[in-house]
Amino acid sequence: MQTVTVLPSLPQEVLAVLLSLFLGPPPACIRPTTAPCCLPEPVPARHFSIPMAEEGPIAHGGSDGSLEETPRKKKKYKRDRNPEDGKCKKLQNELKAALEESSRKLLQFLPEHRLPETRNGIQYLMNRLTGLKPDILLDPIHIGLFGSTGAGKSTLLNAIIDKNFFLPVSGSEACTSCVVQINTSRGKQHEAKIHLLTDEEWRDELKGLVELMDVDEDSEDDDERSEAALKISAIYGKEAETKSYEELCRMKPVVSIPLSRCILLKETTAKDLSDKMGPYIRNQSSPIATTSKEKDIMRLWPLIKNVEVTVPNSQMIPEGVVFVDIPGTGDFNTKRDEMWKENINKCSVIWVVNSFERILGGKTHQMLLNEGMKAFQSGMCRDLSLVVTKSDELDPEEYGKETKRDHINKHDAILERNETVKQEKSQMMKKTLMKKLPSDSEVVCKPDLVYTVSAREYWQGTTLSKEETEVPKLREYIRRFYTEQKKNKLLNYTTEALVIFSLICNLPSNKHAQSQLEKKNYLKDFITQKIADLENDIKKCFIPIEQPLREGVDEAKKSYKKTISDLLKRSHGHRGYHRTLKAVCLKKGVYASRTFFRIDVNDALAQPIYRKIDLSFGEAFRIQMSTRSTLKICLDTFKNAVQQKLQEAGMQPVADNNQLNFLNQETDFIVGEAEKFILQRKAEIYQSLAVSIQNDLLLYYEEAAMVRGSQAYQRMQTILSNGVMREVERGMFERAEESMRGHLQDMQKQITKKLEEDFSSVLSFAFCPWDQLDGKLPDLRSEFSTITNIHEALQSAKVA
């Protein structure tokens, strides 16, 4: 009988990774919080501790779309689930089990390695295995619904998840200041987490709110002052808006605030959760609140940062799809505004949502589309669509007069108008997108840029069929996008696992230390040279941006006076803009105004530069293949050169096939990680122009925000106008130009440094002589068989 000797303990860094592979991450610790500064330590209110409802009936949509209760049918979900989702989940679970079993075996058998190069190689292997272990299907895909209040986002979401009146709609005065996130889970409970601002975050907002309440200024009844007063009085009571910042910090809030700054609601049915959740996310002026308890809850609205809603698994939406209801303009609070930007940038898909009435009669949707299009230049977005809601709201008689026809029924009129709007808005979107993106970009060429939706008709069906409402069409798009993304990711993970374990199993063939060392050094020298070539190629890739960048600076210097004048001066009828301007200054040039939409002085001043560089910037950072020089092509050229050299490095295809496959795969992986890094840095690089301008103007924003008394508005205008002029003369736009160049150069250096480190670790492991491993590795043939079967199944599904 063969005995196995357990060798001395592993190095701490290796052991930590191995333990995480075997045992999983440690449970999160809940630490007590200290009493806040501005808000005294509250007495917990009963309504913040809501018990979990007992098992009972489950909510389903009735014939009228209501959340009526029907007896629970435990097997119904299994019958209704999409077969493709079940297959993916089954294969994922098999892969996860095989990886966990392999990790357990490696934990038992991997010896201690004292040589630094061997230890680095094994550390790289452990990191790779750890990266293969997440639940692939639970890695979220974010779909952002971007639109202003009343656009119909909540109504649309209710229809897509098939739960009518689940989220409060605009008719219920829904609060749109915070981001609302909706996702599914494996559990049976409907949950909502209402996250509140921390004391520090509220203190930051409170100081600005008090500034907007300044009694020394004109007493016009403007929106900014009214909202500031409502927020302060909601937390501190009547007449609190007359208090100073210091006085408010000493006051006790009139509402109970949980120390955890998070309110958790759990219910068995969608209706029960909707009833409990409503008071938290409805606006303070909602007429729906009838009880004193509901009114007390609704006073918390100024503190609500974001809301996470989780519904049980649904046959309508795949698990892992996360909908994000994003307000149209951001928020006065710094933290909420940061979250606003983060949520836009992390979405893979953005739907700009607006109603028919607004899209035909105003320019709000164009402003929202511009914000959504920025995500292509600065975020993770891969697809953009305009979703026009309330398509059923049409008067056939009026439409007949417009189209010069005596009679047309409502059904035909709706469909005809929908098609007309699709064509017009699609052309408009393509024209706008082509100013910022290459003409052959996937989003520009896709067939469906515009959807026309009626959630009301989805439930009632009086005029349109369910298919004609296009709600099922959006669902099908989500499912296709999700399935393709997850299958590809699962196949990639399985392929990587197969190759990695193949090399582990065949490491005993690395018997000739000198030969392995020669191969490693030969490849290392070659790759080092190719990394240097790549660095030069990346520099060349940015050359097309240079000229537009300089031209943009010249344009910005010519147009800045008009830009700042348009921002600071408003035509007759815009009462209260002086206080809006103060809010802009308090927020360093960026403010989400409910009346004037989002105001960004820094971005507006940088727009002439952005307009010049958008095409070349988009070309350089594009992910699609192109005949031009792009970062992706530079990396692909580097990758192909390395993989070609691997074939020529003296490896015998039969003896070292696993070694060759491993090196080829890891080259793909390392270059893929470089592409992800570029995508992450892209936002910072693109935004560097506006950030640089903001930094140059900070002192003027601060000075203008402190202005008091008569003619405050005119003095603020003067300070900002003169400040911008002074900084332009001192080279503000040139510094912004240099800032972007610096960010591009820094990214280039980080890419090459990371490539050098990763390839050094890969080569150390792949060419590690067996005698240096000082032991044997476990038998992983069973895991190989499982992974091979999964791989074949996924490849067959992809071909099909």
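Student: Where is Asp-162 found?

Tutor: Please bear in mind that this is a predicted model. Asp-162 is found in the loop between α5 (153-160) and β4 (179-185).

Student: What is the phi of Asp-162?

Tutor: The general idea comes first: most residues other than glycine have a negative phi. Asp-162 is not a glycine, yet its phi is positive, at about 65°. The loop between α5 and β4 also holds Phe-165, a residue other than glycine whose phi is positive and near 60°.

Student: Is Phe-165 buried or exposed?

Tutor: Phe-165 has a relative accessible area of 56%, so it is exposed, the cut-off for that class being over 50%.

Student: How should I read the packing of two helices, and at what angle do α19 and α26 pack?

Tutor: Two packed helices are described by the angle between their axes and the distance between the axes. Helix α19 (residues 513-541) packs with α26 at about 165°, and the axes are 10 Å apart. This angle makes α19 roughly antiparallel to α26, because angles over 145 degrees count as such. The crossing of α19 past α26 is right-handed. Among the residues in contact are Leu-523, Ile-527, Ile-531 and Leu-534 of α19, together with Ile-751, Leu-755, Phe-759 and Leu-763 of α26.

Student: At roughly what angle do α19 and α23 cross?

Tutor: The axes of α19 and α23 cross at roughly 165° and come within 10 Å. Therefore α19 is roughly antiparallel to α23. Their crossing is right-handed. The contact includes Leu-523, Phe-526, Ile-527, Ile-531 and Leu-534 of α19, and Leu-635, Phe-638, Ala-641 and Val-642 of α23.

Student: Let us turn to aromatic rings. How many aromatic pairs does the structure hold?

Tutor: The structure holds 8 aromatic pairs. One of them joins Tyr-610 and Tyr-686; it is tilted, with 4.6 Å centre to centre and 35° between the planes. This pair links distant parts of the chain, since Tyr-610 lies in helix α22 (residues 601-621) and Tyr-686 in helix α24 (residues 657-705), 76 residues apart.

Student: Are Tyr-610 and Tyr-686 buried or exposed?

Tutor: Tyr-610 counts as buried because its relative accessibility is 3%. Tyr-686, at 6%, also counts as buried.

Student: Why is the pair of Phe-638 and Phe-759 called edge-to-face?

Tutor: The ring planes of Phe-638 and Phe-759 stand at 80°, with the centres 5.9 Å apart, so the pair is edge-to-face; the cut-off is an angle over 60 degrees. Phe-638 belongs to helix α23 (residues 631-647) and Phe-759 to helix α26 (residues 732-766), so the pair ties together parts that are 121 residues apart in sequence. Phe-638 is buried, with a relative accessible area of 4%, and Phe-759 counts as buried at 4% relative accessibility.

Student: Which residues do ring pairs link into a cluster?

Tutor: The cluster consists of Phe-542, Tyr-610, Phe-617, Phe-621 and Tyr-686, linked by ring pairs.

Student: A charged side chain may also be placed over a ring. Which residue lies over the face of Phe-356?

Tutor: Arg-417 lies over the face of Phe-356, 3.9 Å from the ring centre. Elsewhere, the charged end of Lys-466 sits over the ring of Tyr-458, at 4.4 Å from its centre.

Definitions and conventions:
Residues numbered from 1 in each chain as written. Predicted model: local features only at pLDDT ≥ 70, side-chain atom pairs only at ≥ 80, totals over all residues. Heavy atoms only, no water. Phe/Tyr/Trp six-rings, centres within 6.5 Å; stacked < 30°, edge-to-face > 60°. Helix = DSSP H or I, 4+ residues; strand = E, 2+ residues; numbered from the N terminus. Buried < 20%, exposed > 50% of the residue type's maximum accessible area, 1.4 Å probe, protein only. Lys NZ or Arg CZ within 6 Å of the ring centre and 35° of its normal. Axes fitted to C-alpha atoms, helices over the stretch in contact; angles between N-to-C directions. Parallel < 35°, antiparallel > 145°, perpendicular 65-115°, else oblique. Left-handed = near helix turned anticlockwise from the far one by under 90°. Contact = heavy atoms within 4.5 Å.
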